[in-house]
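Good morning, colleagues. Please look at the sequence and the structure on the screen, and I will then take you through them region by region.

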Amino acid sequence: MADMPDEAIVLDDVSKQFGGYQAVQHMSLSVHCGELFGLLGANGAGKTTTIKMMVGLLRPSSGRIRLWGHDIVSDALQAKSAIGYVPDNPNLYGKLTGREMLSFLADMYHVPRDKQRSRIEVLLETFGLASHGNDLVQSYSRGMTQKLALCGALIHEPKILFLDEPTVGLDPVGARQLKDVMLHLRNEGKTVLLSTHVLEVADALCDRVGIVHEGKLEAVDSPQALRSSTGDEHLEDVFLHLTGKERTDTALQLIKVFEGDGSAP
Ligand code: ATP
């Protein structure tokens with residue numbers, strides 16, 4: 001491909017402060033073109049803040065981010081045209097129908113009119129929403145809203161797809177469809193970056209994962225390489241190991257709470 005950059009996503013020493021609080025600290029990362037990359041981290045680790053900076057919704061306090069070779073701050077339009085983004089809690093236009101919303105987004109992204117209709121129908125069909133396409137979005141369940149947001153993020157065939165906690169709110173069938181779609185996109189050469197707490201999803205799907213702890217990227221590698229580097233059998237144990245939250249400590253604290261010995265915090 002003529003316009004293929006060296007890397008799909010590049011973070012160069014990126015930090016974000018909220019007042020005096022350092023939510024993201026000196027993060028550097030390269031996500032390869034065609035890679036399925038997972039950001040893992042506990043609640044409050046800084047995953048959403050990092051993704052919001054990557055997609056241009058938050059400005060980094062320092063450092064630079066390039067998407068498909070374009071700087072997200074100085075070349076925002078080009079950078080944003082290369083990406084699709086599904087936030088953790090999508091807020092869609094409730095008074096539009098599913099089909100209306102997708103055609104509105106298709107117009108926004110300059111998808112040619114002659115291609116819009118078939119693309120919208122394929123997406124609705126893929127996510128099992130075709131029979132609800134003429135319903136108002138405000139009548140959609142949480143999982144349906146999540147799926148429609150995903151259709152919207154894919155409408156312009158982006159080179160990079162960002163998904164913040166994509167499996168939350170999906171039933172097992174929806175979660176499976178989403179996994180298949182992510183693998184399909186990766187096999188088509190698209191780059192997918194997702195954040196998740198569901199470590200089995202990351203283990204099964206991701207080519208590489210980055211473990212975020214207190215705003216810092218603690219480790220980046222394939223799940224398999226991380227497992228062998230720490231000697232752990234499961235990615236969950238690697239995660240607990242690297243974030244200093246051993247499972248036994250947590251279990252012991254809980255036992256103390258239930259036994260009421262008063263030594264728990
Ligand atoms: P979760 O898995 O719970 O969604 P996360 O890893 O996505 O967590 P972030 O939402 O990035 O975490 O939050 C990282 C830290 O930054 C948290 O301590 C959070 O309270 C703080 N933070 C996020 N947004 C803001 C904001 N707008 N103002 C102040 N602090 C913020």
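Which element gives the most to the shell around the ligand? Helix 1 does, with three residues. Before I go further, please note that this is a predicted model, in which local features need pLDDT of at least 70 and side-chain atom pairs count only at pLDDT 80 or more, while totals for chains, interfaces and linings use all residues. Residues are numbered from 1 along each chain as its sequence is written, and side-chain values use heavy atoms, with hydrogens and water left out.

When I speak of helices (H or I, at least four residues) and strands (E, at least two), I mean DSSP runs, numbered from the N terminus.

Let us begin with the ligand. The residues around it are F18, Y21, A23, A42, N43, G44, A45, G46, K47, T48, T49 and H197; a residue is counted here if one of its heavy atoms lies within 4 Å of the molecule. By class, this shell has five nonpolar, six polar and one charged residues. In that scheme, Ala, Val, Leu, Ile, Met, Phe, Trp, Tyr, Cys and Pro count as nonpolar, Asp, Glu, Lys and Arg as charged, and the others, Gly among them, as polar.

The protein covers 59% of the 640 Å² of accessible area that the ligand has on its own, an area computed by the Shrake-Rupley method with a 1.4 Å probe. Two or more residues of the shell come from strand 2 (21-31) and likewise from helix 1 (47-54).

Helix 1 itself is mostly covered, for six of its eight residues are buried. Buried means under 20% relative accessible area, exposed over 50%, and partly exposed in between, with a 1.4 Å probe and protein chains only. The buried residues of helix 1 are K47, T49, T50, I51, M53 and M54. Just after this helix, G56 takes a positive phi of about 85°.

I turn now to the sheet. Strands of a sheet pair through backbone hydrogen bonds, either parallel or antiparallel. Here, an open sheet of four strands has the order 2-1-4-5, with antiparallel pairing; two strands are said to pair if DSSP finds at least two bridges between them. Strand 2 and strand 5 (70-71) are the edge strands, each pairing on one side only.

How many bridges join strand 1 to strand 2? There are seven, and strand 1 covers residues 9-18. L11, for instance, has L29 in strand 2 as its bridge partner. Strand 1 is also joined to strand 4 (residues 62-67) by five bridges, and S15 stands opposite S62 in strand 4. Two bridges link strand 4 to strand 5, where R66 has D71 as its partner. In the hairpin of these two strands, with two residues between them, W68 takes a positive phi near 45°.

Finally, consider two single residues. Q116 touches S103, A106, D107 and V111, not counting residues up to four places away in sequence; contact means heavy atoms within 4.5 Å. H32, by contrast, lies in the loop between strand 2 and strand 3 (36-41) and is partly exposed, because its relative accessible area is 34%. With residues up to four places away in sequence again left out, H32 touches E7, A8, T191 and R208.
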